[in-house]
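Hi everyone, thanks for coming. I'd like to walk you through a structure that may be new to you, so let's bring it up on the screen.

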Amino acid sequence: MAVARLWRHIPARYNLIGTECQICGGLYFPPRTTCPTCRRDGKIIERKFKGTGEVVTYTIIYSASSTFRRQTPYVLAIIRLDEGPQLTGQIVCNPDEAEIGMKVRPIFRKLGEDGSSGIIYYGTKFTPLREASK
Amino acid sequence: MIGITSYGAYIPRYRIKVEEIARVWGDDPEHIKKGLLIHEKSVPDLDEDAATIAVEAARSAIGRCNIDPKEIGAVYVGSESHPYAVKPTATIVAEAIEATPDLTAADFEFACKAGTAAIQACMGEVSMGMIKYGMAIGADVSQGAPGDALEYTAAAGGAAYIIGKKNLIAEIEDTSSFTTDTPDFWRREGESYPMHGGRFTGEPAYFKHIMSATKSLMKKVGTKPGDYDYVVFHQPNGKFPLRMAKMLGFVEEQIRPGLVVSKLGNTYAGSSLIGLAAVLDQAKPGSRILMTSFGSGAGSDAFSMTVTDGIEETRGKVPTVAELLKNPKYIDYALYAKHKGKIVV
Ligand SMILES: [Zn+2]
């Protein structure tokens, strides 16, 4: 990934900073520069999401590209944030722990790296919420 | 008065038992457990490193208090396993707690005492009025070469401290350091694993430095061992801090509450700071705490503290050290090697 693109995504990846349309109240993650509902009349501002949410659906990845190979098998899920928007993210748990409807919370992890000499990407993954109150 | 406004610890979920490492290398586990007073150690997940651990600890410290991260004027991260040789861990942490961009940040290095050196830097800047709050972190994913004695102890974890003048949970009365050029432990640039001076790591390094810093601190503050409710020393194993306490005239009841190494291992820059967090988790208003770190190379930083009434309001908001040590996931040596990326033998 280009370093510039990585850098632009840091607020979203680290802190789930998305956007909100002040006209219609629409919430967007990943962030959008225009409101799909209000179009030209929309007024977009930054909006931070808490990161707690629920698993809508998930899949278990057994074979992955070289960056992720060491991590297989891992759980990739569509998560509906408590505020509404849905996003795709990795759930850090045993594959047999994953289930639809499971509540999750955000954690800060390495997302990948460009080989051993390139940039390391950090950002948000998720873990079952029940572990928060362990 | 300057002191601790908040703190937070983080420990990865995975553990490996001494028995499992001993099985692979043909060592006697009982002999090692008795010698080191370590039963198991933490292991980072595949996607964890010193930066992610520092961020989790920093977020825990923020979650415990009510301060706005934008009021933090400095973020310093002490580690000997910074993910990059050039590019600070501290900027990653500052961004992840949304303290950016109006602050200063830097990485600290001084083996296992880099985190306490960062606390001293924050104390200086807060007392000068340069910053309102400073965050000091000690975090490591330490490496011991396969088959080396360090493999039984080298663990992963970290703790973050917010230093300030307001909303204190503990006042820091004073700090003293003792530093010499002592080659007890080192790692050259580009090398994967550290080297150490074997028995040389004990008397002239660990014991001499902690003893000197602790004595000079007590002299400065005008205290004696009996004045403290708790004492915390760097914990490379379970034996050293117990012996150090005895040599200085402390009793076991003072050191036990902060001695977390037997179920955690040596978290290097995180070690004394996680021990202090375990003490703060249970200390009462008025409790007096003495903490002395040790970093190879070598040096010690000693701190004398008194817990304030403010500590009670911070309970229950984020996990305690005892809670972080609960419910571990045990792994075998093969998975451990994968987690640590130990392919280079
Ligand atoms: Zn809109």
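I'll start with the metal site and then move to the contact between two chains. Please keep in mind that this is a predicted model.

So, what holds the zinc ion? Four cysteines of chain A coordinate it through their SG atoms: A:Cys21, A:Cys24, A:Cys35 and A:Cys38, at 2.2 to 2.3 Å. The arrangement counts as tetrahedral because the angles between the four donor atoms run from 102 to 113°. Along the sequence, the donor residues follow the spacing C-x2-C-x10-C-x2-C. Look at two of them: A:Cys24 sits in the loop between β1 (17-21) and β2 (27-28), and A:Cys38 in the loop between β2 and β3 (44-48), so this pair ties together parts that are 14 residues apart in sequence.

Are those two buried or exposed? A:Cys24 has 39% relative accessibility, so it counts as partly exposed. A:Cys38, at 15%, counts as buried, because the cut-off is under 20%.

Now let's turn to the interface. Chain B brings 27 residues to the contact and chain A brings 25. Together they bury about 2200 Å², and 47% of that is on carbon and sulfur atoms.

For instance, the side chains of B:Glu48 and A:Arg109 form a salt bridge at 3.4 Å, N to O. On the chain B side, helices supplying at least two residues each include α3 (50-64) and α12 (333-339). The largest share, five residues, comes from α3(B).

Notes
Residues are numbered from 1 along each chain as its sequence is written. Chains are lettered from A and ligands numbered from 1 in the order in which they are written. This is a predicted model: local features need pLDDT of at least 70, side-chain atom pairs count only at pLDDT 80 or more; totals for chains, interfaces and linings use all residues. Side-chain values use heavy atoms; hydrogens and water are left out. Donors are N, O and S atoms within 2.8 Å of the metal (3.2 Å for Na, K and Ca); water is not among the atoms, so sites may look incomplete. Four donors count as tetrahedral if all angles lie between 85 and 135 degrees; four count as square planar and six as octahedral if opposite donors are over 155 degrees apart and all others between 65 and 115; anything else is irregular. Helices (H or I, at least four residues) and strands (E, at least two) are DSSP runs, numbered from the N terminus. Buried means under 20% relative accessible area, exposed over 50%, partly exposed in between (1.4 Å probe, protein chains only). Contact means heavy atoms within 4.5 Å. Buried area is the accessible area (1.4 Å probe) that two parts lose on being put together, summed over both. A salt bridge is a side-chain nitrogen of Lys or Arg within 4 Å of a carboxyl oxygen of Asp or Glu.
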